[in-house]
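The sequence and structure come first.

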Amino acid sequence: MQFHHHGYVSGDPRIKPAAGVGIDRPEELPETVDVLIVGSGPAGMLTAAQLSQFPGITTRVVERRGGRLEIGQADGIQARSVETFQAFGFAERITQEAYQITEMAFWRPDTENPKDIIRGGRAVDDEHGISEFPHLIVNQARVLDYFAEVAEHSPTRLTPDYGWDFQGLEVTDQGEHPVKVTLVRSAGADEGATRIVHAKYVVGCDGARSPVRASIGAKMAGDKANHAWGVMDVLASTDFPDIRLKCAIQSHDGGSILLIPREGGHLFRMYVDLGVVPQDDNGAVRNTPIEHIISQANAILSPYTLDVRHVAWNSVYEVGHRLTDRFDDVELADIGTQTPRVFITGDACHTHSAKAGQGMNVSMQDGFNLGWKLAHVLEGRSPEALLSTYSAERQVIAKNLIDFDKEWSTLMAKKPEEFENPDDLEEFYVSTAEFPAGFMTEYTPSMVTGQPVHQELATGYPVGKRFKSAMASRVCDTNPMHLGHHATADGRWRIYVFADAAAPGTGSKVDDLAQWLSTSADSPLAATPEGLDEDAWFDVKVIYQQRHEELDINAVPSVFKPEVGPFKLTDYEKVYGVVPGADIFSERGVSRDGVVVVVRPDQYVANVLPLDATEELGDFFARIHAGVRA
């Protein structure tokens with residue numbers, strides 16, 4: 001972590017100096033904003049935390065609740081989300097307080113005594129090392145707290161505006177702030193008061209019944225599975241031996257349970273099968289008393305017993321899978337002819353069951369995808385066309401999620417006798433592990449994702465998929481580091497230059513590329529405005545094939561050692577060698593002839609190019625920075 005380049009810092013380095021709109025930030029909600037975020041859930045708070053890093057952008061978050069969320073419904077944190085937390089600086093802290101899933105147990109009816117259940121198998125949660133980060137369980141409210149801390153400690157000092165209820169909006173196409181939003185005070189002494197806010201862009205993160213979605217006429221379509229589940233967070237005494245393991249439990253005739261241990265060592269969550277819901281139920285199942293859910297859980301757990309001592313939270317839901325036709329306010333017939341002003345994220349545009357642990361995770365990735373794009377357009381880095389890629393990219397991902405969740409939730413609802421093989425549920429869980437972990441997202445070619453023409457040069461970095469970190473040795477201090485862990489959520493593009501076998505300063509292809517990056521008008525770095533740090537828009541790193549002790553850092557080209565801060569101090573932390581026994585070139589299938597791997601601000605691989613493909617590299621960024629260069 002670097003923090004002395006603007007002068008000595010004696011306090012908490014996570015608290016950045018106020019800058020731009022963060023200086024004397026008004027407490028009252030202003031009449032005009034750049035971005036108005038409606039809803040302070042996972043997608044809303046991640047989007048806010050990302051936008052808060054840009055001092056010149058006025059972002060406000062309105063939330064109808066009077067204060068922070070205290071008990072959240074979601075709790076599963078997939079490894080891809082923990083990677084994202086690393087980019088925002090709190091992965092280690094949240095991991096320390098979370099429950100970590102390392103194994104899942106599968107219980108089924110005992111063939112000799114079908115009324116009782118027995119453990120049928122176990123599955124390692126990440127057997128193949130999909131990520132270096134774990135699968136966690138932690139309350140959604142704590143996730144929101146961490147993002148709120150990031151935003152509050154940012155240069156813009158962003159905090160949510162609680163007690164404002166969204167009523168409607170109108171895109172007027174007039175002036176610099178064309179979206180007119182009507183809000184009503186929902187908490188406080190002036191409850192009931194109306195406020196009009198004019199915004200350049202609005203992001204609806206306001207849940208499955210989203211008024212923002214309704215205001216732009218987006219249609220949500222899908223179906224219900226007519227199957228209900230009771231969910232409860234409880235403190236209980238039990239003789240069930242795997243109460244501190246994630247479990248899928250199938251009984252002979254009492255239904256199923258998905259057991260999720262919670263953080264803190266005692267609390268656990270149960271999704272309890274309540275069976276098929278009659279067509280004429282009209283929502284009556286949602287009134288199922290907690291006593292019935294507990295009784296049903298005991299029936300499923302036989303011969304074990306569950307003595308519930310305290311219920312922290314409970315609810316009943318019916319499985320439903322629904323998806324909107326678009327994730328922004330551009331009508332389908334107008335795509336390509338106009339750019340969006342209003343966006344929807346998370347449950348506002350896709351709903352599914354809770355048992356695959358995807359709702360909060362996919363919602364946060366919606367926000368990560370959108371946040372940096374809004375910032376780049378508002379700062380003038382990219383044309384407005386960039387914003388159209390949000391709906392195009394994320395709707396496909398949501399559709400894939402719903403298809404997966406339909407299969408998983410259907411399997412969870414099956415009776416044991418309906419399986420051809422008793423191990424089918426376990427085998428499905430193991431074989432599809434990469435999807436629920438969040439790593440099957442693959443963006444197709446667009447203005448921010450290139451064609452995989454040169455994919456064979458870096459087979460471990462598929463274009464369109466997330467950049468999978470690996471170890472490299474930082475030359476300046478000899479420390480072995482996870483390369484991807486330095487990709488913070490600062491809105492910068494990453495350009496990783498994997499060198500050929502030549503040493504630095506020997507006239508190699510890397511030296512030629514470095515010269516082009518530093519001096520050519522076609523270099524992406526040429527778009528960086530004068531007066532900013534050399535690496536303000538691009539984080540350019542080099543990884544040599546030699547070990548750190550074999551490299552002369554003074555021979556490394558200056559583009560990999562930018563001067564930063566008011567004192568123009570050299571940043572030596574962008575030069576790497578290989579770690580003996582964990583060669584990143586071998587582990588990620590990187591060609592020994594060298595390669596350039598371009599990574600988006602949201603950590604997805606955007607392009608893979610040969611070291612000498614400067615024209616292709618320049619052309620790729622030319623469309624992203626269209627209109628930026630003087």
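## Backbone features

Thr478 sits in the loop between strand E19 (471-474) and strand E20 (480-482); helices (H or I, at least four residues) and strands (E, at least two) are DSSP runs, numbered from the N terminus. This is a predicted model, in which local features need pLDDT of at least 70, side-chain atom pairs count only at pLDDT 80 or more, and totals for chains, interfaces and linings use all residues. Residues are numbered from 1 along each chain as its sequence is written, and side-chain values use heavy atoms, with hydrogens and water left out.

Although Thr478 is not a glycine, its phi is positive, about 65 degrees. Thr478 has a relative accessible area of 40% and is therefore partly exposed (buried means under 20% relative accessible area, exposed over 50%, partly exposed in between, with a 1.4 Å probe and protein chains only). Arg157, also not a glycine, has a positive phi of about 55 degrees. Arg157 belongs to the loop between helix H4 (140-152) and strand E8 (161-162), and its relative accessibility of 25% makes it partly exposed. A cis peptide bond runs from Ser302 to Pro303, with omega near 20 degrees. Pro303 is in the loop between helix H6 (290-301) and strand E16 (306-324).

## Pro30 and its contacts

Pro30 lies in the segment before strand E1 (32-38) and counts as buried because its relative accessibility is 18%. Apart from neighbours within four places in sequence, Pro30 is in contact with Arg60 and Val197, where contact means heavy atoms within 4.5 Å. The C-alpha atoms of Pro30 and Ile196 are 9.3 Å apart, while the two residues are 166 residues apart along the chain.

## Salt bridges

The whole structure contains 40 salt bridges, each defined as a side-chain nitrogen of Lys or Arg within 4 Å of a carboxyl oxygen of Asp or Glu. In the bridge between Arg466 and Glu83, the closest N and O atoms are 2.8 Å apart. This pair links distant parts of the chain, 383 residues apart: Arg466 is in the loop between helix H9 (424-431) and E19, and Glu83 is in helix H2 (residues 79-88). Arg466 is buried at a relative accessible area of 10%, and Glu83 is buried at 6% relative accessibility.

Glu393 bridges to Arg600, with closest N and O atoms 2.8 Å apart. Glu393 lies in helix H8 (residues 388-413) and Arg600 in the loop between E26 and strand E27 (605-609), so the pair ties together parts 207 residues apart in sequence. Both Glu393 and Arg600 are buried. A network of salt bridges links Asp490, Arg492, Arg494, Asp535, Asp539, Lys541, Asp571 and Lys574.

Helix H10 (residues 509-519) holds Asp512. The buried residues of H10 are Val510, Asp511, Leu513, Ala514, Trp516 and Leu517. These buried residues pack against strand E21 (493-498), strand E22 (538-543), strand E26 (595-599) and H12.

Helix H12 (residues 614-624) gives the largest share of the negative patch, three residues.
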